[in-house]
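Q: I am new to this structure. Could you show me how to read its helices?

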Amino acid sequence: MTTTIVRQGAPAHPRRSMTIPTAIPDGTLRCAYYHPRLAPWFGLAVLFAIAILARAAVAAPSDTYDAAHLSSVELERLAFAGRLLGGVRNFQRQPFLLLTDAPDLNGPAVLAALDAVYQWTRRDFPFLLPPRRAVPLIVFASDQEFNAFWRRLGSPSRVSLEAVPQGVAGRTIESVATCRFQERPEGGLPLYVHEASHALLHQMFGIGAGGNWLAEGVATNYEWQVSQPDVHAVRAGLADPGGRMPLETLLNGERVPRERYWQAALVVQWLLDDPLRRVQLPTLFAAMREEGSVDARQLVGRYLGMSVNDVEEAWLTWAHAQYSG
Ligand SMILES: [Zn+2]
């Protein structure tokens, strides 16, 4: 349907009129807005709306936070709320973002270790896509701030988070890694590397962020790159069936106890050590992602061609050859 202007003798662009009456062929009139005149008002309305939205975002945390999608600015605000500017430092090297209020943290050294974690992850799992967002690691100077951050993050995201247990110095949930600053650099670096690896793998693989055999195995291996593996504990676990978990349990996708992280690390090493298994890994990973779980008990049969018992036997033989000296 076309419209025609019926006001006779009116200027082509009537400057004092807010509306232009137009006729529709059936004889009725309607008014159309005169856009050039309204444009400034429209612009003001848009600015006003943006100001209200921006103020709401700045003034109070939204109740729909998703920790995985917080921007670096939001994270910094949430981590160090009320902190004077200048007390917080941030270091960036793709894909990591390191935030800290610990004055003695050697940012460049930690960043170099995180960069190594990224290179190792790409070397070991070249079929995973690079992260699309920054991977944050937040190092808190005090236990108080460390705990307060998780309370602040937990409450708006409506996730009920347990308080960080006494003595636990690192926690990663989804792709947000956090640590308590460690005075001794040799104690700090392995911890930062471990937690950052969880957050990185979560973004690149998308399943879990710690706790299961894959996440803990990968993180522990990278941790061992910047510290010494406890070879005595590894040997003791290999020598005594009571000192390790049956793979039927270890690979079930559930939480692995901290004292068995070494075993998860050795299983990941075993997976990466053989050229055939390396070729099989992309389809195994794709299947785990499809299932939304790292429960590998059935999948090893389908994608490695071995039952869990076969894997256990082959892994143990390999591990003894590597570590029992
Ligand atoms: Zn861990």
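**Reading the helices**

A: This is a predicted model. Start with what lies over a helix: the cover of the buried residues of helix 12 includes helix 7, helix 8 (247-250), helix 9 (261-273) and helix 11 (299-303).

Q: Which residues of helix 12 are buried?

A: The buried residues of helix 12 are Val308, Val311, Trp315 and Ala319. They span an arc of only 55° around the axis, which places them on the same side of helix 12. Asn309, Thr317 and Ala321, on the other side of helix 12, are exposed.

Q: Why do residues three or four places apart point the same way?

A: An α-helix has 3.6 residues a turn, so residues three or four places apart point the same way.

Q: What span should the 16 residues of helix 12 have?

A: At 1.5 Å a residue, the 16 residues of helix 12 should span 22 Å, and this agrees with its end C-alpha atoms, which are 22 Å apart.

Q: How do helix 7 and helix 12 pack, and at what angle?

A: Two values describe the packing. Helix 7 (residues 231-239) packs against helix 12 (residues 308-323) at an angle of about 140°, and their axes are 11 Å apart. An angle over 145 degrees would count as roughly antiparallel, so helix 7 and helix 12 are oblique to each other. Their crossing is left-handed.

Q: Which residues of helix 7 and helix 12 meet?

A: From helix 7, Val231, Val234, Arg235 and Leu238 meet Ala319, His320 and Tyr323 of helix 12. Ala319 is also one of the buried residues of helix 12.

Q: Which residues are buried in helix 3?

A: Take the length before the faces. Helix 3 (residues 107-124) has 18 residues, and from its first C-alpha to its last it reaches 26 Å, close to the 26 Å expected at 1.5 Å a residue. Its buried residues are Val110, Ala113, Leu114, Val117, Tyr118 and Thr121. Seen down the axis, these fall within an arc of 150°, so they line one face of helix 3. The face turned away from that buried side carries the exposed residues Pro108, Ala112, Gln119 and Arg123.

Q: What covers the buried residues of helix 3?

A: The cover includes strand 5 (96-100), strand 6 (135-140), helix 5 (185-205) and helix 6 (213-226).

Q: How many helices and strands does the protein have, and what share of its residues is buried?

A: The protein has twelve helices and eight strands. Of its 325 residues, 30% count as buried.

Terms used:
Residues are numbered from 1 along each chain as its sequence is written. This is a predicted model: local features need pLDDT of at least 70, side-chain atom pairs count only at pLDDT 80 or more; totals for chains, interfaces and linings use all residues. Helices (H or I, at least four residues) and strands (E, at least two) are DSSP runs, numbered from the N terminus. The expected span of a helix is 1.5 Å times one less than its number of residues. A residue is buried if 20 or more other C-beta atoms lie within 10 Å of its own, exposed if 12 or fewer, and partly exposed in between; C-beta atoms are placed from the backbone. The arc is that of the directions from the helix axis to the C-beta atoms. Two residues are in contact if their C-beta atoms, placed from the backbone, lie within 7 Å. Axes are lines fitted to C-alpha atoms, for helices over the stretch in contact, and angles run from 0 to 180 degrees between N-to-C directions. Angles under 35 degrees count as roughly parallel, over 145 as roughly antiparallel, 65 to 115 as roughly perpendicular and the rest as oblique. A crossing is left-handed if the near helix is turned anticlockwise from the far one by less than a right angle, and right-handed if clockwise.
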